[in-house]
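Let's walk through this structure together, one part at a time. Have the model open as you read.

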Amino acid sequence: MKIKDKVAKLSFVALLITMTAAMFYAPTASAHGEKSQAAFMRMRTIHWFDLHWSKEEVAVNDTMTLNGKFLVFAGWPETVDKPEVSFLNIGIPGPVFIRAGSWIGGQLVPRSVSLELGETYEFKVLLKARRPGDWHVHSMMNVQGGGPIIGPGKWVTITGSMADFVNPVTTLTGQTIDLENYALDNVYFWHAVWFAIAFAWLLFWIKRPMFVPRHIAVSTGKANSLISAGDKKVGMAFALGTIVIVAASMGSTNEKYPVTTPLQAGLLRGMKTFQMPEATVSVKVDDATYRVPGRAMQMTLTMTNNGDSAVRLGEFNTAGVRFLDPAVHEDDTNYPDDLLAEEGLTVSDNSPLAPGETRTVEVTASDAAWEVYRLADLIYDPDSRFAGLLFFWDAKGARQLVTVDAPLIPTFI
Amino acid sequence: MSASQSAVRSRAEAVQVSRTFDWMILFTLFTAVLGGYHIHYMLTGGDWDFWTDWKDRRLWVTVAPIVSITFPAAVQACLWWRYRLPVGATISVVALMIGEWINRYLNFWGWTYFPVNICFPSNLLPGAIVLDVILMLGNSMTLTAVVGGLAYGLLFYPGNWPVIAPLHVPVEYNGMMMTLADLQGYHYVRTGTPEYIRMVEKGTLRTFGKDVAPVSAFFSGFVSIIIYFLWHFFGRWFAKTDFIADDNL
């Protein structure tokens, strides 16, 4: 063997070994590409806030909830279809939990819903643990024509064994079944029956010489001799048998399941909105810049307090990342660490804004999350605007929400 | 051995070689059809075949036969007109369904843990067997297309009803009525398959009340006739020997 052939052969063997070895390394896909989603989509579509994951560890068959609110941003980007047909989903890696329930404004939403721009909705998702592991559990809204809009995620551990999982459901006919394996034997049975009939038909033909002699016969004009009267009788028996089995099995099925209904589908409209306390603070964004080296966004805001109590700016929330001024507000909800900049908000003058007062301040939201969550990529988006929620608190702890939406200018030096 | 000498020395040896050749061709045909047909059906039938909450009485009934009669028609054209073997449709559908079961069991269940009772494949075998028998009895592409194509569409829903009926039993869930199949789709989370892309129960067949499945099946059968013709011609074209120069034969 020439050296060249030897090298080629060994290279091929090495390639096969590498490919085979690669099959044994299949790491679990833990997250959902949330950081890859265009920053402007996360900042200017659905604003998730007041999120609460009820548990961080849950046993198989136990339940947990993810609840909170979302604001459908009034300045919805033109490049994304409006959420006229949307579906409240949950961002988890497949059915590691089952979705035991999901509600918007108290209404069960197993179907798609129509959402209104500028409105806030309260939601809750009830999850029942199914598959053990550490899973990133996100809020998520699918928007037709816009794609999935994923919200903040938190790691939740499921303990136990999937073999113990049960999913009991009582039907309207009074039968309690385990949906996890309901009717599975029936599926296997009917597929086995039809495979057996099909294999019998195939065997009837392939047990005899096939390609070469038959091709010779067809080529020499003896094609008709290849199908005998007996073959035709067997064929007719198969066809009639097939029709009889189909008809009989359909009849017996209708007797066994006299009550069946069609699949349910449809769009839910008029979802109940959540009325936030009316904002008495008005905010105008004079300018906003993102300083790339410093991983910080700076805004010049002119704030006017039209209410009757003094307020302070305590939080800026964008794309689920929360920048807090700890002097005003501290998080006590156990929000995911990577999305929480507890000291990330700096206001040039954050003394109480008195009723009737107007003040212009420099606000800086800085944290590694800008880079980690690739929000800095906003400067590469087709519509370089930022948006977010500003939360103000008064001395009694009353909170009000103001949205901001403005162009963003990057600075590279 | 020179090129003019036979590769075999006796009739018995010739028969043995011929049978070996049969199995090789059959294996190759089976795996090639399994791959090609499977990809075709997943791309065109896709979610209608993947999930029980897509298997409705209108669009699933309409779409599945139309997009699945393709390879059976083409393989029939080759196996019947070249070899008088009336197994083209059955062998195609058996290959497809074996491929689907491997996919559903190993991928849908084995990797992503969807229960098999939500993601089992549709049963296409009754229509395939009848399609083969009609071609054998009639020895006519036109008859097979018209009678067989129609039968293929008509047999689809009743052929699957024993499997899906238990999943169409209604359930009351948190104040809403849905079928067990709907509930499966809701419970077993699919982040990439939101509810609104589910194309079920859409259309204008409202004057037929609850009996839309037979109407959908007839429509599917009619379109299957046209698709059968088209793909039968594809099969005939691909089964030509014109691609090989005479002096190579």
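Buried area is the accessible area, found with a 1.4 Å probe, that two parts lose on being put together, summed over both. On chain A, His191(A), Phe211(A) and Leu263(A) supply 11% of the area buried against chain B, more than any other three residues.

Before going on, keep in mind that this is a predicted model, where local features need pLDDT of at least 70 and side-chain atom pairs count only at pLDDT 80 or more, while totals for chains, interfaces and linings use all residues. Residues are numbered from 1 along each chain as its sequence is written, chains are lettered from A and ligands numbered from 1 in the order in which they are written, and side-chain values use heavy atoms, leaving out hydrogens and water.

Now, who touches whom? Counting contact as heavy atoms within 4.5 Å, chain A brings 92 residues and chain B brings 88 residues. How many salt bridges (a side-chain nitrogen of Lys or Arg within 4 Å of a carboxyl oxygen of Asp or Glu) cross the interface of chain A and chain B? The rule finds 0.

Finally, look at a sheet in chain A. Strands here are DSSP runs of at least two residues, numbered from the N terminus, and two of them pair if DSSP finds at least two bridges between them. Five strands form an open, mixed sheet in the order E18-E17-E16-E21-E22. E18 (340–341) and E22 (399–407) of chain A are at the edges with a single partner strand each, so one side of each has no neighbour in the sheet.

Key:
Helix = DSSP H or I, 4+ residues; strand = E, 2+ residues; numbered from the N terminus.
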